[in-house]
Amino acid sequence: MNLPYGMLEGWGRFPRHETQLLDCPFPEDLAAATLSATSLIARGNGRSYGDAAVGDRVTLLCRGLGRMRAFDPQTGMLTVEAGTLLSDIIESFLPRGWFPPVVPGTKFVTVGGMIASDVHGKNHHRDGGFGDHLASFRLVRADGETVTCSREENPELFFASIGGMGLTGVIAEATFPMKRVETGWILQETTVAPDLKAAIAALDRSGDATYSVAWIDCLARGASLGRSLVYAGEHASRDEMKAMMPEAVLYPDLRQARLGMPVDLPGWALNSLSVKAFNLAYFRAGQRKAGAPHLVHWEPYFFPLDGIRDWNRLYGRRGFVQHQCVVPEDRAEAVLGEIIERFSRSGRGSFLAVLKKLGPASGMMSFPMPGYTLALDLPVTEGVRPLLDQIDRIVVEAGGRLYMAKDARQSRDVFEASNPRLNEFRELRRATGADGRFSSRLATRLGI
Ligand SMILES: Cc1cc2nc3c(=O)[nH]c(=O)nc-3n(C[C@H](O)[C@H](O)[C@H](O)COP(=O)(O)OP(=O)(O)OC[C@H]3O[C@@H](n4cnc5c(N)ncnc54)[C@H](O)[C@@H]3O)c2cc1C
């Protein structure tokens, strides 16, 4: 087939690759589109950071599969096509008192992307990942057959596709339950943790809270290493909202992004001084809000960065990488302390460094494991690679791993040493013919 060529990248804008583009907005055309090419991968909204959604040869664009198919108000069960955006789901359902069971840190992701990355939210320690809530999905396999996958039907494919990064087939549609909420407000309580030990203890203490997450000042050093603001949150009830903000509307609207990045910032704009100044100002502002619980609009609570359009241009044209690792619980304090120390010493701190507690995951290749995850952004500059390579080794030696949805650079050795079910996944790909059909730049780089 004669397909147009284009350059594609992930949210980090690194790396960029040429690929052929195949647009498929209709579910009835997915089987033929899948059979028409090899070395192809499905792409949702391109919010993975690296090369996961760039086809080795062909990229199948699934954003047009955006129809909502069915909703049962008795059970909250929703069926949507895989290209449906999370933002569309929230915009349609929150005013009616329903919210998705799991949301990542941006609402501009598709349901297909949420399944393929088995995304985690601020409630993973309590509720698991998006995959844990799925009732079923329809998958176009390598042979063009569309099959239903659930815990009862084709369970192997079900668990391999959750967190399987599009490498088992193309998800056409999915069914999952929405949950009831009484308002669109979050009752948030902020705790100031003076160091990493206190941050981990505060996340542990807030283990019963539905949502919890910590923001780390990753440039603080010495006795303040790992100092954090720990945010715990609950969906506010109608009574709580009425008592605290009687004038407010129950379900506030989606806010339009107030700011945008119209141009790429030059590389020098983001130096250790500007990052340090931001971290200090953010920490002080958080400190002032600590203590009494207060109500926060759902959008800045769950998706703080969506308020700035194209914020990925902040890092300039060379792009940036996000390093997100998870380290088992018993090693977390020592190992994460060492990692933060190395980042801090290198002067390559990040605007945003996030620490979260995770629980177990059900997908064969899912990222989460019981432990703590640390994520931070770094501009692509000289010296970043060797620093991150060293940190990867520390993570692997501690029994942890890196998140494929954020990855643009880990080595094959690191990947193989840290994913115990990789051979099982490779075997399933061989057995279903997926290895000869589906392949992304990430899969080739990591030898999946
Ligand atoms: C600001 C920001 C914050 C984030 N916060 C979090 C977070 O808190 N937690 C978290 O877990 N993740 C987080 N992410 C990562 C993001 O949730 C995942 O990368 C997600 O997969 C992106 O969805 P997408 O639709 O853009 O998918 P894409 O980036 O287009 O694709 C991601 C993967 O899904 C596969 N895929 C997409 N559609 C299909 C389909 N129809 N069938 C089969 N495979 C498919 C692709 O092949 C690829 O492997 C964040 C990303 C950003 C930019």
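**Strand pairs, a sheet and a ligand shell**

User: What makes strand β18 and β21 a pair?

Analyst: Two bridges join strand β18 (residues 320-328) to β21, and the two run antiparallel. Pairing takes at least two bridges, so β18 and β21 count as paired. One bridge to look for in this predicted model links Val326 to its partner in β21, Arg401.

User: Where does β21 sit in the sheet?

Analyst: The sheet is open and has eight strands, in the order β16-β12-β14-β13-β19-β20-β18-β21, with antiparallel pairing. β21 (401-402) is an edge strand, as is β16 (294-297): each pairs on one side only.

User: How do you know that helix α11 packs on the sheet, and which strands are touched?

Analyst: Helix α11 (residues 384-397) touches β18, β20 (371-379) and β21. A contact means C-beta atoms, placed from the backbone, within 7 Å. The direction of α11 makes about 15 degrees with that of β18.

User: Why are strand β8 and strand β9 called a pair?

Analyst: Five bridges join β8 (residues 136-140) to β9 (residues 146-150), and the rule asks for at least two, so β8 and β9 qualify as a pair. They run antiparallel, and Phe137 has Cys149 as its bridge partner in β9. Five residues lie between the strands of this hairpin, where Gly144 takes a positive phi near 85 degrees.

User: Which residues come nearest the ligand, and which element gives the most to the shell?

Analyst: Of 32 residues around the ligand, Gly44, Gly105, Gly112, Gly113 and Gly166 come nearest. Two or more residues each come from β3 (40-43), α3 and β10 (170-177). With four residues, α3 gives the most.

User: How many residues of that shell are nonpolar, polar or charged?

Analyst: The shell divides into 17 nonpolar, 13 polar and two charged residues.

User: What makes the radius of gyration of the protein agree with a compact globule?

Analyst: With 448 residues, a compact globule would come out near 22 Å, and the protein has 21 Å, which agrees. Along the principal axes, the C-alpha trace spans about 60 × 50 × 45 Å. Within that, the secondary structure comes to 14 helices and 21 strands.

User: Where is confidence lowest, and where is it highest?

Analyst: The mean pLDDT of the protein is 93, and 95% of its residues reach 70 or more. Confidence is lowest in strand β15 (residues 259-260), at a mean of 68, and highest in helix α3 (residues 111-116), at 99.

Notes:
Residues numbered from 1 in each chain as written. Predicted model: local features only at pLDDT ≥ 70, side-chain atom pairs only at ≥ 80, totals over all residues. pLDDT = per-residue confidence, 0-100. Contact = placed C-beta atoms within 7 Å. Axes fitted to C-alpha atoms, helices over the stretch in contact; angles between N-to-C directions. Near = placed C-beta within 6 Å. Nonpolar A, V, L, I, M, F, W, Y, C, P; charged D, E, K, R; others polar. Rg over C-alpha atoms; globule rule 2.2 N^0.38 Å.
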